Structures are given as C-alpha cells and as structure tokens.
Amino acid sequence: MKIALKANMSFTRSSYIFSSIDKVTKISGAQRWDSQSYLVAKPLNHNPPSLTEMEKLCNGIFCLKSKSKNHKTLKFKIVARETLEVRPTRNEILALPVLIRNHLSQGLPRQALLVYTQFRRKGIYTWGVLPLILKACASLPSIKHGKSAHAECIKSGVICDVSVGTSLVDMYAKCGDIIESRKVFDYMPERNVVSWNAMIGGYWRNGDAASALSLFEKMSLRTYVTWVEMISGFARTGDTVSARRLFDQVPPELKNVITWTVMVDGYCSNGQMEMARELFEAMPQRNFFVWSSMISGYCKIGVVEEAKMIFDRIPVRNLVNWNSMISGYAQNGFCEEALKAFENMQAEGFEPDEFTIVSVLSACSQSGLLDVGKDIHNMLSHNRIKLNQIVHNALVDMYAKCGDLINARLIFEEMTERNSACWNAMISSMAIHGQCKEALELFSRMEDSNEKPDEITFLAVLSACAHGGLVDEGMEIFSIMQKKYGLEAGIKNYGCLVDLLGRAGRLREAYSLVKNMPIKPNDMVWGAMLGACRIYMDMEMTEQVAKDISTLNSSIRSADNSHYVLLSNIYAASDRWEKAERTRMDLVNEGFEKTPAHSAFMPCGA
C-alpha cells in the first residue's frame with residue numbers, strides 16, 4: 001500500500017494528474033492495470049515527462065509490484081511508450097465536440113458515435129462530450145450504447161454533474177427504460193428545472209400520465225417548458241380538456257407564443273378545429289408553426305378550402321408553411337393544386353427541402369405524372385437536397401406507381417438502408433404489375449434482412465399471391481404471419497386470402513373461411529366472394545352469399561352498392577333476367593345510385 005502511494009506521488013511531481021478511478025486502482029494494488037488509464041492523463045502547467053522519465057516511473061511502480069504480484073516489466077514499458085506516442089494534440093481535443101455536434105445537427109447520431117469511438121481509441125477524450133454522446137444514443141435510440149456511455153460517466157467521475165445526470169434521464173426515457181430513468185433522477189445529488197422537465201417528458205413519452213402529473217405537482221419552480229410538456233402530453237393522449245385546464249392555469253408571465261401554439265396544435269392534432277380556430281383567433285401574436293398547424297389540421301379533416309384561406313392570411317410565409325399546404329393538397333388528392341403550389345413556392349424564391357420533395361412526388365405518383373416525377377428526381381442533385389430514406393422511399397413509390405419498375409428497382413437496390421416502408425413499396429409495386437414471383441423473392445430478402453415484416457407487408461405479399469394464383473404460397477405466408485411474427489390478421493388480410501382462394505376456384509374453402517373468421521366480414525370480403533362466384537358462375541354459392549349479404553345490418557349495406565351490381569350481373573350472365581331486374585329494383589328502392597365508372601388517360605407527349 002505504501003509503495004503504491006509513493007509511486008503515485010512521483011507521477012504528481014511530474015506534473016501529471018490521473019483520474020480518481022486510476023488512483024484507486026494504484027492504491028488498492030489491484031492485479032489488473034488498465035492501459036487506458038494512462039490515456040486520460042491531463043497535464044498541468046509544465047511540459048509532459050520525457051519517454052525515458054515515463055519509463056522510469058512505470059518501471060518504478062511495476063518493478064516494485066512485480067516482487068509480490070509477479071508482473072512483467074516489459075509489458076508496461078510498451079504501454080508507456082505507446083501512451084506518449086499517441087498523445088493527442090490540442091486541435092484534436094477541440095475538434096471532437098465540434099464534429100459530434102455537427103453530426104447531431106445533421107440528424108446523424110450513428111456517425112457521431114463512430115467519431116467518438118475513433119477518437120477514444122486514439123486516446124483523445126474530454127468528459128464534456130458525454131452529454132452529446134448520450135443525446136446521440138437517445139436519438140437512435142440505442143440503450144446498449146447508452147449504458148456504455150453511462151459507464152463512461154462513472155469512470156470519468158462526472159456522474160454527479162447535473163447536465164450529465166439530466167442527459168442520462170433523457171436517454172433512458174427515450175430508449176424506453178423509464179424505471180432506470182427514474183433511478184438516475186432520484187440519485188442525482190443536484191437537480192435543476194431542466195432535470196425535472198426531462199423526467200416529466202420521459203413519463204409522457206412512455207405513456208405514464210399519472211406519474212408525469214404527480215411529478216409536476218411536486219415542482220417548486222416551473223418554466224414555460226414545464227407547462228408545454230404537460231399541455232402537449234395531455235393533448236397527445238387525446239385529453240384536450242385536461243390540456244386546456246392546464247393552459248388556463250399558466251401564469252401570465254409564462255404564457256408566451258409557444259404555450260399558445262402548443263394548445264392550438266393539440267386541438268388540431270385531435271381534429272377539434274372549431275376549438276383550435278377560436279383559440280387561434282384569440283392569440284396575441286402568432287409564429288409560423290401555429291399557421292402550419294392550422295393548415296395541417298384542416299387538411300387532416302379534408303377541409304382543404306379552409307386550409308387555403310388560412311394559408312392566404314399568412315403575412316410572411318416560410319418554407320414550413322408552403323410544405324404544410326403542398327402536403328395537405330397531396331394527402332387529399334388535389335395533385336394538380338399541389339404541383340401548382342410547388343411552382344408558386346419556387347417563384348417566390350424558396351428552395352425545396354426533402355419534405356417538399358416527398359409531397360410533390362406523392363402528387364406525381366397519384367396522378368401518374370412520370371415525366372414530372374423524373375424532373376423532380378433530376379432536381380435533387382442540382383439543389384443538393386439530402387437524399388435520406390424518406391426521399392428514397394418516395395422515389396421508389398413514384399416510379400413504381402407510374403409503371404417504371406426499372407428505375408424503381410435501381411433506386412431500391414442502391415439504398416444502403418431500407419425500412420419497412422421501402423420494402424412494402426417495392427413489394428406492392430411488383431404485385432400490382434403482375435410480377436408476383438419477384439414480389440415473393442423480395443419478401444424472402446426482407447425476412448433475411450434486419451427489417452421485420454409488418455401488416456402492410458403481408459397484405460402486399462398476399463395480394464401478389466392472389467394475382468399470381470399462388471395458393472399454397474399464400475396460405476403458408478398467412479400462417480407465418482401469425483405463428484412466426486405474432487401479427488394479428490386484419491380484415492384486409494382475410495379479404496386477400498378469400499380473394500386468393502376464390503380466384504383459384506376453391507369457393508367452398510373461401511366461404512368456410514368467411515364464416516369462421518374471428519372478425520365480422522365487411523363489404524370487401526363479401527365482394528371478393530361474389531367476384532369469385534361470378535368468375536366460376538357457381539349459382540348455388542351465389543344464392544348462399546346473396547342471403548348472407550341480405551342479413552347484413554343497414555350500416556354495412558349502405559356503405560357499398562357494388563354487391564347489388566355484381567349480383568345483378570351474375571344473374572344476367574346466367575340468363576336469370578327476372579332476378580337480375582329484381583336486384584336492380586332493390587338497388588333503387590334502397591336509395592342507391594349506381595356509381596358511374598370513369599377512366600383517365602395521359603395524351604402522348606403531354
């Protein structure tokens with residue numbers, strides 16, 4: 001013990017101080033010496049020791065230790081030499097937080113962690129970057145990396161720092177471990193209002209409204225951020241009454257434009273546009289976000305005209321306002337208006353970003369404007385727009401829906417990362433265009449990747465099997481959906497399976513599936529059943545299905561008149577003219593009007 005203490009003093013006289021955890025290691029005489037401990041040494045006000053001096057010091061420690069612990073001197077001589085050779089420069093130390101901040105600001109948390117790891121291996125370290133690293137872990141989210149950063153905080157002796165503790169609370173909450181988040185919060189020796197806000201936000205993020213409210217009531221000091229967390233939390237759960245009650249309790253000095261905006265946005269998100277409009281008109285001042293919230297809210301409920309009126313009232317528009325309007329048009333099928341708004345936006349000098357591009361590509365895919373979509377694609381490279389995963393997905397979807405499967409597949413194969421939306425878009429496009437085997441191959445590749453298929457994936461694959469007559473494959477896929485992936489089949493999945501069996505002529509199996517399915521069949525399911533009856537002109541099955549349809553409740557019967565039209569056509573095709581006429585009369589007596597068909601075409605060269 002005394003020998004180790006004396007050796008540690010020699011290092012201190014050499015103007016080097018080691019972290020407290022390293023001192024504990026030396027004093028305790030532990031058998032394991034961590035070479036990394038020499039990389040966190042910090043010089044004081046003198047020149048660092050020379051290589052020879054460092055070797056002498058190391059030899060002084062380890063030779064004495066070797067008498068009792070049988071350590072080898074040579075091993076630690078090498079450690080000392082390597083330590084001095086990789087000593088970081090001042091510029092490298094200063095560059096570390098700058099690089100990490102830049103990656104985080106660009107939405108690249110993985111790259112931020114990679115930079116930190118690379119610098120750490122070189123011996124470059126400063127504890128000030130730990131809150132940034134924890135933020136990167138929370139953004140992914142990656143609790144594995146977060147726990148490693150937590151250990152780094154303990155090792156560096158900065159776990160008691162309030163900013164580090166707050167970052168840990170936020171990281172664990174965003175990674176879904178609210179229990180560990182609360183443990184860190186409770187053991188923090190010092191907390192500020194930011195720490196309390198992070199804990200409250202963590203509870204809301206994990207759906208624990210009661211704990212968030214309990215913590216809120218215990219706070220002695222609140223900022224406007226605290227009120228915003230509570231108001232937005234209740235609004236996200238759909239409880240706009242509680243959100244409004246809290247909004248009305250906000251002290252006048254804290255009721256700023258942000259608190260007003262959050263309450264208006266809460267109403268908009270829940271489709272309560274009358275309440276949103278009333279509060280919006282009462283706002284003493286408005287920011288660009290509240291204008292966009294109103295536009296998006298009206299578009300969400302399909303009142304695009306009112307959204308346009310709000311848009312026209314904006315005194316000074318920015319890109320976010322334009323994006324809200326263009327997106328609203330595209331979501332409601334006003335494709336021509338969306339493209340026109342895109343042109344007007346550029347005429348006013350605004351450069352599109354990735355959100356603008358996604359909305360415009362959606363408008364192109366809905367209207368089948370392949371040439372316009374290609375122009376948008378070419379614009380991406382000229383405007384240096386970030387080609388993230390969302391933009392790639394939109395490009396794949398646009399090309400696929402416009403029938404250009406070659407370009408859709410090229411973009412798909414060039415992507416380094418693919419999420420479920422991208423896989424679904426590609427599989428669906430293959431199914432729609434009759435390339436059913438290719439759709440199944442893509443599904444097999446998706447299973448081999450790290451991306452887990454979802455309900456939409458299975459809907460697309462079952463649709464491909466139905467179009468290609470792949471009954472056995474479809475039945476197997478429907479089976480693994482529940483057994484392998486634990487997904488509950490929805491009404492659309494059952495509809496695809498009924499369609500698959502019906503198209504293959506297995507009407508009895510299809511009908512048995514309809515009668516025994518765990519959820520009540522809807523119009524789509526009965527429509528698929530009738531469509532199969534028409535293909536194979538099975539009049540016995542047609543009569544049975546007709547009886548089942550006639551017993552449906554009025555809400556389902558009034559939802560779709562296609563059953564009557566199909567029945568009438570089946571009777572007419574089998575020369576049962578009286579029944580065909582009677583079915584047509586039933587259609588009129590029920591107050592239905594036959595929906596007229598329509599077609600669209602794109603003139604060559606347009």
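A nonpolar core is a set of buried Ala, Val, Leu, Ile, Met, Phe, Trp, Tyr and Cys residues joined through side-chain atoms within 4.5 Å. Buried means under 20% relative accessible area, exposed means over 50%, and partly exposed lies in between, with a 1.4 Å probe and protein chains only. This is a predicted model, in which local features need pLDDT of at least 70 and side-chain atom pairs count only at pLDDT 80 or more, while totals for chains, interfaces and linings use all residues. Residues are numbered from 1 along each chain as its sequence is written, and side-chain values use heavy atoms, with hydrogens and water left out.

**The core**

Select I100, V264, M294, M529 and V545. These residues have the most contacts inside the largest nonpolar core, which has 169 residues. Now keep V264 and show what surrounds it. Contact here means heavy atoms within 4.5 Å. With neighbours within four places in sequence left aside, V264 is in contact with A276, L279, F280, M283, V290 and M294.

**Helix α17**

Two of those contacts of V264, V290 and M294, are among the buried residues of the next stop, α17. Helices are DSSP runs (H or I, at least four residues), and they are numbered from the N terminus. Select residues 288-300 for helix α17, which has 13 residues and reaches 18 Å from its first C-alpha to its last, close to the 18 Å expected at 1.5 Å a residue. The expected span is 1.5 Å times one less than the number of residues. The buried residues of α17 are V290, W291, S292, S293, M294, I295, G297, Y298 and C299. Colour α15, α16 (273-282), α18 (304-313) and α19 (319-331) to see part of what covers them. After α17 comes G302, with a positive phi near 85 degrees.

**Aromatic pairs**

Rings of Phe, Tyr and Trp (its six-membered ring) pair if their centres lie within 6.5 Å; planes under 30 degrees apart count as stacked, over 60 as edge-to-face and the rest as tilted. By this rule there are 11 aromatic pairs. Select F247 and W260, an edge-to-face pair with 5.2 Å from centre to centre and 80 degrees between the planes. F247 is in helix α14 (residues 240-249) and W260 in helix α15 (residues 257-269), so the pair ties together parts that are 13 residues apart in sequence. Both F247 and W260 are buried.

Next select F478 and Y494, whose ring centres are 5.3 Å apart and whose planes are at 65 degrees, so this pair is edge-to-face. F478 belongs to helix α28 and Y494 to helix α29, 16 residues apart. Both F478 and Y494 are buried. For a cluster of rings, select F443, F458 and Y485.

**Helix α29**

Which residues of α29 are buried? They are N493, Y494, G495, C496, L497, V498, L500, L501 and G502. These residues pack against α27 (455-468), α28 (471-483), α30 (507-516) and α31. G505 follows α29 and has a positive phi, near 85 degrees.

**Charges over rings**

A charge sits over a ring if NZ of Lys or CZ of Arg is within 6 Å of the ring centre and within 35 degrees of the ring normal. Select K122 and F119: the charged end of K122 sits over the F119 ring, 5.7 Å from its centre. Then select R222 and F216, where R222 lies over the ring face at 3.9 Å from the centre.

**A cis bond and a histidine**

Select L140 and P141. The peptide bond between them is cis, with omega near -15 degrees. P141 is in the loop between α7 (130-139) and α8 (143-156).

Move on to H145, in helix α8. H145 is partly exposed, with a relative accessible area of 41%. A polar contact is a pair of N or O atoms within 3.5 Å; within protein, one must be able to donate a hydrogen and the other to accept it, and residues adjacent in sequence count only if both atoms are side-chain atoms. The side chain of H145 makes such a contact with the side chain of S142, at 2.6 Å.

**Last stop**

Select M537, in the loop between α31 (523-536) and α32 (539-550). Its phi is near 50 degrees, a positive value in a residue other than glycine.

Definitions and conventions:
Helix = DSSP H or I, 4+ residues; strand = E, 2+ residues; numbered from the N terminus.
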